[in-house]
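Visitor: I would like a quick tour of this structure. Please tell me what stands behind each term.

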Amino acid sequence: MAERVYGLLAEFDSPETLITAARDARDAGYRRLDAFTPFPVEGLSSILGIPRPRISRVGLIGGFGGAAVALLMQCYVNYDYPLDVGGRPLYAISAFAVVMFELTILFSALSMIVAMLWQNGLPRLNYPVFAARRFSLASKDRFFLCVKGDDEAFEPGKTAAFLTKAGALSVELVPS
């Protein structure tokens, strides 16, 4: 039985060669690409087709939800257990402001944390590229481009030759 392949990992020595190789791979028909760099590289996310995160919308929805929970909770408590202190009205919205503010911030922050973890695919207990021989250099001074094995245009021999021609210092097959 043939060994399942996660993809091919190509090593580059500069961000410029990585961007050029990623653009060439995109033009050659590869769509399932990923890159690993020691620092953010301008323009790489658009070449790889990484969508813009929608965390801010999730935070806004979470904030509205927190405010609604706080308001409903306090209205319910005041209705079910009314306290007439100093002639205060039963539903004093201005008195609810502090709790509403706190729950708005809490729900917004928690919803953004959950959305960020979900969008990033975390927690990820195993990631095949971590087992690659030279991948530890991705956090130091090397740039890596991974063409995933489930790409329609992926053929190990052709893809390795393409990445070598694109300027890769080394190309390594990453098993699943």
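Guide: Buried means under 20% relative accessible area, exposed over 50%, and partly exposed in between, with a 1.4 Å probe and protein chains only. By that cut-off, 35% of the 176 residues of the protein chain are buried. This is a predicted model: local features need pLDDT of at least 70, side-chain atom pairs count only at pLDDT 80 or more, and totals for chains, interfaces and linings use all residues. Residues are numbered from 1 along each chain as its sequence is written, and side-chain values use heavy atoms, without hydrogens and water.

Visitor: How many helices and strands are in the protein chain?

Guide: Helices (H or I, at least four residues) and strands (E, at least two) are DSSP runs, numbered from the N terminus. The chain has five helices and four strands. Their order is β-α-β-α-α-α-β-α-β.

Visitor: How does the reach of helix 3 compare with the expected span?

Guide: The expected span is 1.5 Å times one less than the number of residues. Helix 3 (residues 55-80) has 26 residues and reaches 37 Å from first C-alpha to last, close to the expected 38 Å.

Visitor: Which residues of helix 3 are buried?

Guide: Among them are Gly59, Gly62, Gly63 and Gly66. Helix 4 (93-119) is part of what covers the buried residues of helix 3.

Terms used
Contact = heavy atoms within 4.5 Å.
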